[in-house]
Amino acid sequence: MADATATSDQRAGLDYRYLADVQFVLPELVDLLHQQWGHRDFCSTKEKIEERFKGRMQRDAIPFTIVALSPTEPQSIVGAASISLYELPQLQDRRYWLSEVCVNSAARGLGIGQRLVQMCQDHAAELGVGKLNLYTLSKAKFYERMGWNVDGSVVIEELDHPVMSIDLGINRH
């Protein structure tokens with residue numbers, strides 16, 4: 001997905017694009033994250049979310065975001081995932097992060113999240129990333145099924161989160 005063209009997921013009929021190529025969906029993406037995680041500090045305001053995603057408006061460098069768009073409503077976001085830098089201040093030794101993977105609740109269970117994660121991993125590897133990290137509160141089993149390993153934990157907002165990583169097979173970063 002290194003070029004600006006969309007890819008299609010035949011199972012769900014979705015188009016996957018870089019946020020940089022469909023910037024007009026930013027307000028809907030902000031709404032989706034705020035609905036799902038607005039109770040958490042990192043998504044407590046739409047302004048915080050929008051600012052993060054404005055910094056991910058690229059396709060050939062990190063950070064970037066990939067969005068899944070509805071085939072019937074091309075301006076409607078079904079899901080998104082990002083690769084970001086230095087996600088957690090307390091873990092500055094970990095540079096590259098899979099972050100803010102989300103799928104609209106009505107579209108869960110269709111493999112969209114898995115597809116978004118795989119696309120992010122593949123593109124990060126294309127950009128020379130050797131290892132990705134993530135933290136999650138409740139989805140560790142989902143990521144373990146995709147080959148991620150728990151290799152630590154971190155307390156955020158008084159809740160213990162597993163920290164996970166995956167080797168992308170590149171020995172650069």
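**Figure 1. Arg56 and Phe53 in a predicted model**. Arg56 is placed over the face of Phe53, 4.7 Å from the ring centre. A charge counts as over a ring if NZ of Lys or CZ of Arg is within 6 Å of the ring centre and within 35 degrees of the ring normal. Arg115 also has its charged end over a ring, that of Tyr16, at 5.3 Å from the centre. This is a predicted model, in which local features need pLDDT of at least 70 and side-chain atom pairs count only at pLDDT 80 or more, while totals for chains, interfaces and linings use all residues. Residues are numbered from 1 along each chain as its sequence is written, and side-chain values use heavy atoms, with hydrogens and water left out.

**Figure 2. The ring pair of Tyr18 and Phe64**. Four aromatic pairs are found in a search of the whole structure. In one of them, the ring centres of Tyr18 and Phe64 are 6.2 Å apart and the planes meet at 75 degrees, so the pair is edge-to-face. Rings of Phe, Tyr and Trp (its six-membered ring) pair if their centres lie within 6.5 Å; planes under 30 degrees apart count as stacked, over 60 as edge-to-face and the rest as tilted. Because Tyr18 is in strand E2 (residues 14-18) and Phe64 in strand E3 (residues 64-69), the pair ties together parts that are 46 residues apart in sequence. Strands (E, at least two residues) and helices (H or I, at least four) are DSSP runs, numbered from the N terminus. Tyr18 and Phe64 are both buried; buried means under 20% relative accessible area, exposed over 50% and partly exposed in between (1.4 Å probe, protein chains only).

**Figure 3. The cluster of Phe142, Tyr143 and Trp148**. Ring pairs join these three residues. Phe142 and Tyr143 pair edge-to-face, with 4.9 Å from centre to centre and 80 degrees between the planes. Tyr143 is buried, at 8% relative accessible area.

**Figure 4. Helix H3 and the residue Gly128**. Helix H3 (residues 112-126) has 15 residues and should span 21 Å at 1.5 Å a residue; its end C-alpha atoms are 21 Å apart, which agrees. The expected span is 1.5 Å times one less than the number of residues. Buried residues of H3 include Ile112, Leu116, Met119 and Cys120. Just after H3, Gly128 has a positive phi of about 95 degrees.

**Figure 5. The cysteines Cys102 and Cys120**. Cys102 is buried at 1% relative accessible area, and Cys120 is buried at 0%. The count of disulfides (pairs of cysteine sulfur atoms within 2.5 Å) is zero.
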